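Open your viewer and get ready to click. Each stop gives you something to select and tells you what is there.

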Amino acid sequence: MIRRGLRLRAAPMGTRSRSCLEACDGNDTQSSRSGGTISDHRHNAHTVPAATSTVCSSLVVANRGEVTALVRVAVRVAGAALANQQYILYDVAVPPQDTYIGTVGLTLAATDVVTVRASTADVSFSLFGEEAS
């Protein structure tokens with residue numbers, strides 16, 4: 001069994017690290033749309049590579065902005081379409097210039113996807129753990 005840790009960013013690519021699987025912020029969006037005063041900033045934070053499993057130990061959400069942000073985190077088994085039953089956090093309020101740290105203890109199989117969303121672009125997500133192949 002080979003263990004490795006990765007630190008990846010959607011744009012631009014970050015540097016490799018032993019402990020951080022993924023890091024992304026509100027500017028790393030897959031889709032962005034306006035809905036009144038709240039924008040939907042969503043990103044696939046981590047996709048487990050083929051023939052690999054991942055154990056996620058913690059999730060850190062940092063709100064760098066001046067307003068409270070609402071965050072969501074979902075685990076999409078085998079890359080399934082986003083659905084209500086997949087959320088592990090839903091509209092958790094993170095106060096301005098504050099951090100939410102969650103001990104998640106997730107074991108993910110190949111092709112599982114962790115999707116994160118924030119109500120503002122001033123939120124960073126970091127997912128920590130190890131991949132095994």
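This is a predicted model: local features need pLDDT of at least 70, side-chain atom pairs count only at pLDDT 80 or more; totals for chains, interfaces and linings use all residues.

Residues are numbered from 1 along each chain as its sequence is written, and side-chain values use heavy atoms, with hydrogens and water left out.

**Stop 1: the core**

Select Val61, Val71, Val73, Leu108, Val123 and Phe125. These have the most contacts inside the largest nonpolar core, which has 19 residues. A nonpolar core is a set of buried Ala, Val, Leu, Ile, Met, Phe, Trp, Tyr and Cys residues joined through side-chain atoms within 4.5 Å. Buried means under 20% relative accessible area, exposed over 50%, partly exposed in between (1.4 Å probe, protein chains only).

Now colour the strands (DSSP runs of E, at least two residues, numbered from the N terminus). At least two core residues come from each of β5 (53-63), β6 (69-76), β7 (87-94), β8 (98-108), β9 (113-118) and β10 (123-132). β6 gives the most, with four residues.

**Stop 2: glutamate 131**

Stay in strand β10 and pick glutamate 131. Is glutamate 131 buried or exposed? Glutamate 131 counts as buried because its relative accessibility is 1%. Next, show histidine 46. The two side chains make a polar contact at 3.2 Å (a pair of N or O atoms within 3.5 Å; within protein, one must be able to donate a hydrogen and the other to accept it, and residues adjacent in sequence count only if both atoms are side-chain atoms).

**Stop 3: two rings**

Select tyrosine 87 and tyrosine 90. They form an edge-to-face aromatic pair, 5.0 Å centre to centre with 85° between the planes. Rings of Phe, Tyr and Trp (its six-membered ring) pair if their centres lie within 6.5 Å; planes under 30 degrees apart count as stacked, over 60 as edge-to-face and the rest as tilted. A search of the whole structure finds one such pair. Tyrosine 87 is partly exposed at 21%, and tyrosine 90 is partly exposed at 45%.
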